[in-house]
Amino acid sequence: MPNPTLLRVLAGSLLAGEPTVEQIVERCSRTLGRRWRWLRRLAGRFVAAFAGQARPRRRDVIRFLAHDRGFQRACAKYPDQLRIERWVGEPAGMQPMAAAAGWDIPAIESTGALAQWLQLEPGELDWFADLKALGYKRANQRLRHYRYRILPKQSGNVRLIEAPKPRLKQLQRRILTGILDKIPSHPAAQGFLKGRSIRTFVAPHVGQRVVLRMDLQDYFPSIAGARIQACFRTLGYPETVADMLGGICTNATPRDVWKAAGSGIDPSQLRDAWALYARPHLPQGAPTSPALANLCSYRTDCRLAGLAKAAGARYTRYADDLAFSGGEAFERPVERFATHVAAILHEEGFSVHHRKTRIMRQGVRQRLAGLVANRHANVIRTDFDLLKATLTNCARRGADSQNRAAHPNFRAHLEGRVAFVESINPAKGKRLRALLDRIVWS
């Protein structure tokens, strides 16, 4: 086994700078005081091992060196000559990957600088990041950073809304506006982005011969905290800073939260949900989660867009909803295409909700994200008729008679639904707006 000190110091040389073979050889040569012939082959194996990944952690690099047979042979052959001529500490400053080098994000090079940027004391930063998952173990509700609400899905699964408390939410908004909003998104991503919406998600698929709709299962909680920390390392933040940023943006749900679940939820589904949410994950309810989910899905979007282009199809994604469409050339192999998509998603750490996969040809209603895409993007007829009836009854009998779901602000709820229809179909929206204006609010 190579000398542990040598492993740690050499790992620092491998981590610094861009992981090109020549730069690695140069830095390792300075560290060891000699340009060993085996260094180039070691550098090549290192680049190949971590190609296409986020910047690795130091412990992963040490593990790589400890198990590299070529390095072990060198240590065994030159035990008295392999010595450290230059100490290499933690890489100083920002170390972004090549694609992130031009992004206008703040340089935060230490946990102290991060605490200052977030206007926190160092102890407060540790508490909000909660890297030791103390919030998962605390029984005191007042010491936790989230409030929880369990929602059963029609499919029988469980959705957990994790709403951050005001102070943590403020920190997450600071990270969102100061860092995440400055990172470009993939053109296929249409959800939670300025200038993009459900309408832009559906528009490329209007009037197509066949539309394939697929759904990701447990999209937000399936993105683990380690993946979020890796994203921040990719942006260039040192490992300690990336860990803190990831900790602030993720959560591990305490086990006792599930005691509040209703009796109508399948116990097996509840157990599966507990196991999924128990590890650090993206909380559905945090302002940073949509942007981070898009960032974690970037490589997936690249692969799926390339697959769609090769098949003569179009691809867009709205959060966990995926849509592909095309003409006759795409219609013939669409079933096989869906299998390839599922395989890519599995490789990228996502899983498909197969019961929601739909292949919709022109003879049926092509429904995407609550809209119809056959001839032009439009609201679903039954949804429009139901909303129209609700507004009519509100005008005739009073709004309270129609608020069966006990919305705390029923007026804002109806105005939001009408505004949505207006954004999709202005003519229909105008008719609904006229009905809404006739309602007398108490």
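I looked up C231 and found it buried, at a relative accessible area of 12%. Buried means under 20% relative accessible area, exposed over 50%, and partly exposed in between (1.4 Å probe, protein chains only).

I noted the ground rules next. This is a predicted model, where local features need pLDDT of at least 70, side-chain atom pairs count only at pLDDT 80 or more, and totals for chains, interfaces and linings use all residues. Residues are numbered from 1 along each chain as its sequence is written, and side-chain values use heavy atoms, with hydrogens and water left out.

**Cysteines**

How many disulfides does the rule give? I got zero. The rule asks for a pair of cysteine sulfur atoms within 2.5 Å. A disulfide is a covalent bond between the sulfur atoms of two cysteines. C231 is in none, and its nearest cysteine sulfur, that of C296, lies 3.4 Å away. C302 is in no disulfide either; for C302 the nearest cysteine sulfur is that of C231, 13 Å away. I also checked the cover of C302, which is partly exposed at 35% relative accessible area.

**Whole chain**

I counted 20 helices and nine strands. Helices (H or I, at least four residues) and strands (E, at least two) are DSSP runs, numbered from the N terminus. Of the 442 residues, 47% are buried. The C-alpha atoms fill a box of roughly 95 × 60 × 45 Å along the principal axes.

**Core**

I then opened the largest nonpolar core, which has 59 residues. Such a core is a set of buried Ala, Val, Leu, Ile, Met, Phe, Trp, Tyr and Cys residues joined through side-chain atoms within 4.5 Å. I175, I179, F232, Y237 and F324 touch the most other members. Helix α17 (residues 334–347) gives the largest share, seven residues.

**Helix α5**

Which residues of α5 (residues 69–77) are buried? I found G70, F71, A74 and C75. They sit on the same side of α5, because they cover an arc of only 135° around the axis. The arc is that of the directions from the helix axis to the C-beta atoms. The face turned away from the buried side carries exposed R69, R73, A76 and K77. Cover for the buried residues includes α1 (4–15), α3 (38–49) and α4 (58–67). At the start of α5, a side-chain oxygen of D68 comes within 3.3 Å of the backbone nitrogen of G70.

Conventions:
Contact = heavy atoms within 4.5 Å. Polar contact = N/O pair within 3.5 Å; in protein donor to acceptor, adjacent residues only side chain to side chain.
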